[in-house]
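Please look over the model shown below before reading on.

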Amino acid sequence: MTRLGLFGGSFNPIHIAHLIIADRFVEQLGLDRCYFIPAAQPPLKSIPPHELAPAAHRVAMVQAAIAGHPRFEIDTCEVERGGISYTIETVEHFRQRFPQAELFLLIGADQLLEFHLWHRWQQLVHLVQICIAPRPMANPERLQEQLARIHAASPQFLEVPLLEISSSDIRHRRARGLSIRYLVPEAVLRYIYEQRLYAPL
């Protein structure tokens, strides 16, 4: 049976930690493909409008970042759908597209802590296998409390390096004119500078 990974996010911008986590996701779950799914409008993140790069730029950065990886692909269903990007609708899209596949949803431990706020989360846990990537600031006790609260069926915890890299920090460094080299892939770095994304105002 085909095993597909779903990795959604604003990818504003995509960075090295995203790629390392996705690579371990593929490796540890034995995935045939991992789909990167840029959000049109993240439902819970309060990103100031001037900091959210247009979807076309975020899609282009993901394409540049994953080029050459044999099991990475991009899916633009959320951008094409527009509006607020609800994960449940994306999972339903993949269920219809690949009815025989096993689906695995990658989320960060920080996202798990607010999972009970996600749209139709009760249905989501029955449609897809939840896989959790650790984050440096996530409290283990709170994670266990949340897992008990949402009754997630045997979530998979990935073993990945705890890299303290975030898209918001990259944007803020760029806005202050500081280096973002080595935080993003070289192709993404070039794109950010060519398109003057997140540049000082």
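The text below turns to a pair of helices and then to a loop residue.

This is a predicted model, in which local features need pLDDT of at least 70, side-chain atom pairs count only at pLDDT 80 or more, and totals for chains, interfaces and linings use all residues. Residues are numbered from 1 along each chain as its sequence is written, and side-chain values use heavy atoms, with hydrogens and water left out.

Helix H2 spans residues 55–66 and packs against helix H9, residues 186–194, at an angle of about 150°, the axes lying 8 Å apart. Because of this angle, H2 is roughly antiparallel to H9 (a term for angles over 145 degrees). Axes are lines fitted to C-alpha atoms, for helices over the stretch in contact, and angles run from 0 to 180 degrees between N-to-C directions. Helices are DSSP runs of H or I with at least four residues, and strands are runs of E with at least two, numbered from the N terminus.

Contact means heavy atoms within 4.5 Å. On the H2 side, the residues making the contact include Ala 56, His 57 and Met 61, while those of H9 include Val 188 and Tyr 191.

Just after H2, Gly 68 takes a positive phi of about 95°.

Leu 158 lies in the loop between strand S6 (156–157) and helix H8 (167–175). Leu 158 is buried, with a relative accessible area of 6%.

Note on methods:
Parallel < 35°, antiparallel > 145°, perpendicular 65-115°, else oblique. Buried < 20%, exposed > 50% of the residue type's maximum accessible area, 1.4 Å probe, protein only.
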